Amino acid sequence: MTDKQKEKLKHNLLVGCAWLTALVMFFPIFWMFLTSFKTELIAISVPPKLFFAPTLDNFFLIEERTNYFNYAWNSVFTSFGGTFLAMLVAIPSAYSMAFNPSRWTKEILLWMLSTKMLPAVGVLIPIYLICQRLGLLDNTFALIFIFAMINLPIIMMILFNYFREIPVEIIEASRLDGISTFSEIVNIVIPLSWGGIAATALLSIVLLWNEAFWSINLTASDAGTVVALVASFSSPEGLFWAKLSAVSTLACAPILVLGWLTQKQLVQGLTFGAVK
């Protein structure tokens, strides 16, 4: 076997492994989508049925029992709002750490990132009591603030690395011209790292859309997100797989569509600066 044939075989094996991995990861989503069109009896049948008469009864039941669009709007509002608030804090903070570093910059970043290792349940009671005293339980603005804070360490770390890729000579030249700090951020830093900022925002939106712990514990019907809606379909009597799959499909569909439409920008942004 020649070197060219070996390279071609290696390439085909890698492509095959990539397709196999993609199919394995996609199968649960496909099966969830398929189950959402089954009756409860067919959903729990053994062996599982791949061919059946589809029904929309599960989706009609969800519409009758809940206001799906209210939950979906809350998810959109809190995930985009939390991302916007976090970016509003993270961009100037990451700029300061990237272009005006101190001897403690790396330690501060590591400390911020280490807060993500704290179990959320460890701070549930104090945050719950604070929201209760302030009348912020089941409130979308309280959820936005909490969402922004829990994603802030990750956003800070990612943006810091993006900003470090900007040539420092550009920043020094702008400072010699007497540009203000605000103008420097708005007119130089953000345009030069726009791909990374957009990718970071998209990643934050996905993470916040899927955030379950705080949504379930701090909200009810008024500020509940689609994650809380999914959780409401579990009952002491057991899990109704067809209905649960239907509501899960409705919860996943918007963010899957967003990811599909922005996949090019997301990949470009996440690989920004990987190759100098």
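Met25, Phe26, Ile29, Leu256, Gly259, Trp260, Gln263, Leu266 and Val267 line the second largest pocket of this predicted model. Helix H1 (3-35), helix H13 (241-261) and helix H14 (263-270) are the elements that each give two or more residues to that lining. Helices here (H or I, at least four residues) and strands (E, at least two) are DSSP runs, numbered from the N terminus. Since this is a predicted model, local features need pLDDT of at least 70 and side-chain atom pairs count only at pLDDT 80 or more, while totals for chains, interfaces and linings use all residues. Residues are numbered from 1 along each chain as its sequence is written, and side-chain values use heavy atoms, with hydrogens and water left out.

**Confidence**
- The chain has a mean pLDDT (the predictor's confidence in each residue, from 0 to 100) of 87, and 94% of its residues reach 70 or more.

**Pockets**
- A pocket, on a 1 Å grid over the protein atoms alone, is an open set of points with protein on both sides within 12 Å along at least five of seven lines; a cavity is a set of points where a 1.4 Å probe fits but cannot get out, and lining residues have an atom within 4 Å of a point.
- Grid points are joined across faces, edges and corners, and a volume is the space filled by probe spheres set on the points.
- The largest pocket holds about 510 Å³ of space.
- Its lining runs to 20 residues, with Ile127, Ile146, Met149, Ile150 and Trp214 nearest the centre.
- Helix H6 (124-133) and helix H7 (140-164) are the elements that give two or more residues to the lining of the largest pocket, and H7 supplies the largest share, 7 residues.
- By class, that lining has 17 nonpolar, 1 polar and 2 charged residues, where Ala, Val, Leu, Ile, Met, Phe, Trp, Tyr, Cys and Pro count as nonpolar, Asp, Glu, Lys and Arg as charged, and the others, Gly among them, as polar.
- The second largest pocket comes in at about 350 Å³, and its lining splits into 7 nonpolar, 2 polar and no charged residues.

**H1 against H13**
- The axes of H1 and H13 come within 7 Å and cross at roughly 125°; axes are lines fitted to C-alpha atoms, for helices over the stretch in contact, and angles run from 0 to 180 degrees between N-to-C directions.
- H1 and H13 are therefore oblique to each other (under 35 degrees is roughly parallel, over 145 roughly antiparallel, 65 to 115 roughly perpendicular, and the rest oblique).

**Cavity**
- There is 1 cavity of 30 Å³ or more, and the largest cavity has a volume of about 40 Å³.
- Leu202, Val206, Leu258, Gly259, Thr262 and Leu266 line the largest cavity, with helix H10 (194-209) and H13 each giving two or more of those residues.
- This cavity lining divides into 4 nonpolar, 2 polar and no charged residues.

**Backbone details**
- Val46 to Pro47 is a cis peptide bond, with omega near 0°, and Pro47 sits in the loop between helix H2 (40-43) and helix H3 (57-65).
- Asp138, in the loop between H6 and H7, has phi near 55°, a positive value in a residue other than glycine.
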